[in-house]
Amino acid sequence: MQDIIQLLPDAISNQIAAGEVIQRPSSLVKELLENSIDAGSDYIRLVIKDAGKALVQVIDNGKGMTETDARLCFEKHATSKIKDINDLFSIKTMGFRGEALASIAAVAQVNLKTRTPDNELGTTIDIEASEVKKQEAVSTPQGTIISVKNLFYNIPARRNFLKSNAVETRHIVEEFIRIALAHPGVSFVLENNDFEMYHLKSGNLRQRIVALFGDKINNQLVPVEEESEKLHVYGFVGKPEAAKKTRGEQFIFINNRFIKSAYLNHAINRAYEDILPKETYPFYALFIDIDTNLIDINVHPSKQEIKFEDERLVYTFINAGIRHSLGRYSITPSLDFNQDVDTNNWEAFSSLPSSKPVVENHADKIFVVKPDKTDKFQQRKEWQELYQIMQSDVDVSDEENSPLIEKEPQEIYNPVQIHQRYIITQIKSGFVVIDQQAAHQRILFEEYMSKLKTQHNSKQIQLFPKSMEFNPADAAVLTELLADINALGFDLQPFGNNAFVLHATPADLENVNENNLIEEFMEQYKNHQQLTGLSKRERLASSLAASASIKSGKKLSAKEMASLIDRLFACENPYAAPNGNKTFVSFDNDSLEKSFKN
Ligand code: ADP
Ligand code: MG
């Protein structure tokens with residue numbers, strides 16, 4: 001018999017493979033945005049025409065590609081991200097199969113322009129149905145511009161299968177939001193038919209959520225932060241009273257990848273048991289970092305599913321983490337709710353949720369919603385307005401503004417220091433009084449936590465290394481903390497017999513006596529051990545924040561005050577110092593006026 005088996009030409013096998021990866025315009029969006037992020041971009045512009053059916057274009061300022069790479073990236077299994085089989089198991093980058101661009105090029109007309117920083121000229125390639133039409137040198141900005149036109153132009157059956165523009169646009173926006181949420185440090189623009197739908201400045205997660213979902217959400221967010229050895233859960237959940245009738249604003253990310261998990265949704269919803277109005281769904285954007293050995297992400301790119309080695313553990317952990325946060329933040333401080341809002345007691349007008357640490361087993365009691373008072377509470381907008389003022393002054397994506405300390409104080413703040421302890425500054429609806437020490441502790445705490453996560457730090461080498469001795473118990477504690485301490489920019493080394501030598505301190509440490517810093521830190525750490533509910537790192541960061549912060553009694557310049565205010569309100573949780581004390585209280589004009597009347 002004659003041989004009848006034929007090998008499919010590449011173009012056709014690519015088309016078949018493309019069917020799995022590229023299902024609709026939003027799949028292009030996902031693959032291209034992820035590639036731009038992987039390329040280290042901090043600015044990404046997505047341009048859509050005709051719901052992505054006519055054009056999906058992504059412009060980034062990432063590392064770009066060389067001439068050869070620009071050609072190779074469209075080959076099947078072309079990837080710079082997997083060097084050996086072990087890489088497959090640690091999913092650090094977003095895409096990792098090296099088939100997205102090959103698939104895209106099989107089912108659309110693609111133009112790529114790209115340039116690396118060390119080349120003056122870039123390269124441009126036209127490719128259609130896997131066939132290279134043209135490649136030549138071109139003058140183009142550093143980074144990559146990839147334009148995908150007429151998706152499925154060569155597979156009419158698939159093109160006809162696409163849904164209405166409204167539906168396809170919704171899919172694109174959903175994909176865009178997921179990726180933007182997972183990368184608040186990257187600024188994103190989404191331009192749809194020449195209309196700028198989103199213009200997201202880089203910032204922290206809270207700022208990103210507000211930019212995506214509107215100012216109103218700002219005072220409805222409750223921070224979540226729970227860490228154990230194997231798991232770290234962080235992000236925000238919505239206050240129960242802000243829950244919506246529709247699902248949709250619910251996001252779970254595992255190791256920064258968006259996933260869908262009915263099981264984890266359940267864990268979250270259970271934490272809201274008894275406190276959610278019927279048939280309503282809370283907002284959440286939760287990030288779960290977990291050792292990649294303990295999960296099995298289904299590597300099929302279009303499925304965002306996951307299996308855990310120990311499902312129950314993750315369930316319980318997330319559930320507890322959220323209960324914990326809800327308990328901590330929805331605690332109804334007597335001053336806020338139990339007193340009448342019309343009283344002329346100023347304390348009663350402090351409109352901000354207190355975040356005093358809460359003993360966990362009281363959580364159930366705290367989950368009592370008092371609807372009418374809560375509404376009044378919600379109507380108070382000072383925080384929101386304050387935050388808006390701060391936001392409009394602090395352009396987070398603007399490089400020049402980033403060392404805020406350099407900024408001239410804005411007139412709008414008119415900050416005044418009293419008793420060398422509090423800073424008073426005006427807001428639209430009244431004024432706030434900031435406790436300088438508590439505020440600085442919060443700022444430093446968040447900086448240290450983020451350094452511990454990213455391991456970004458700069459050290460300042462000590463001219464004269466300082467040696468110090470501890471008692472055995474303290475030395476043991478210090479030894480245990482050593483790796484994390486050094487991750488913060490210290491260089492502290494054991495020297496035998498409970499002694500240590502300090503070779504370097506973090507470069508940005510201000511206001512401290514370096515000589516006593518570690519000793520003072522140890523004292524703080526021991527005090528902080530009584531604070532339950534903190535992870536080891538949180539305790540470390542808050543102890544160090546306590547020892548390194550500006551203290552009460554220190555006179556501050558207008559510039560320093562402005563900087564402190566800026567940095568405080570850029571915090572994820574500006575309300576409270578790590579020990580739970582308030583960082584500021586606010587007073588509104590109405591109550592001020594009333595307190596003058598008899
Ligand atoms: P993968 O992302 O799985 O590696 P892709 O087909 O998506 O596979 O991309 C192939 C390769 O092309 C990437 O590994 C990367 O080296 C390069 N690449 C793709 N997009 C970009 C971009 N925007 N900037 C720089 N390099 C890119
Ligand atoms: Mg990719």
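**Close-up 1. Strands S11 and S13 pair up in parallel.** In this predicted model, strand S11 (residues 250-254) and strand S13 (residues 284-290) run in the parallel sense and share 5 bridges. Strands here are DSSP runs of E with at least two residues, while helices are runs of H or I with at least four, and both are numbered from the N terminus. Two strands count as paired if DSSP finds at least two bridges between them. Isoleucine 252 sits opposite leucine 286 in S13.

A quick note on conventions: residues are numbered from 1 along each chain as its sequence is written, and chains are lettered from A and ligands numbered from 1 in the order in which they are written. Local features need pLDDT of at least 70, side-chain atom pairs count only at pLDDT 80 or more, and totals for chains, interfaces and linings use all residues, while side-chain values use heavy atoms, with hydrogens and water left out.

**Close-up 2. The mixed sheet has 5 strands.** Its order is S9-S10-S13-S11-S12, and the sheet is open. Strand S9 (221-227) and strand S12 (257-259) have a single partner strand each, so one side of each has no neighbour in the sheet. Neighbouring strands are turned by 20° against each other on average, direction ignored. For angles in general, axes are lines fitted to C-alpha atoms (for helices, over the stretch in contact), and values run from 0 to 180 degrees between N-to-C directions.

Close-up 3. S16 and strand S17 (residues 422-427) are joined by 3 bridges, and isoleucine 418 has tyrosine 422 in S17 as its bridge partner.

**Close-up 4. Ligand 1 and its shell of 19 residues.** A residue belongs here if one of its heavy atoms lies within 4 Å of the ligand; the closest are Asn35, Thr79, Ser80, Lys81 and Gly98. Helix H2 (25-38) and helix H5 (100-106) each supply at least two residues of the shell.

Close-up 5. A nitrogen atom of ligand 1 is 2.9 Å from a side-chain N or O atom of aspartate 60. An oxygen atom of ligand 1 lies 3.3 Å from a backbone N or O atom of alanine 100.

Methods: Polar contact = N/O pair within 3.5 Å; in protein donor to acceptor, adjacent residues only side chain to side chain.
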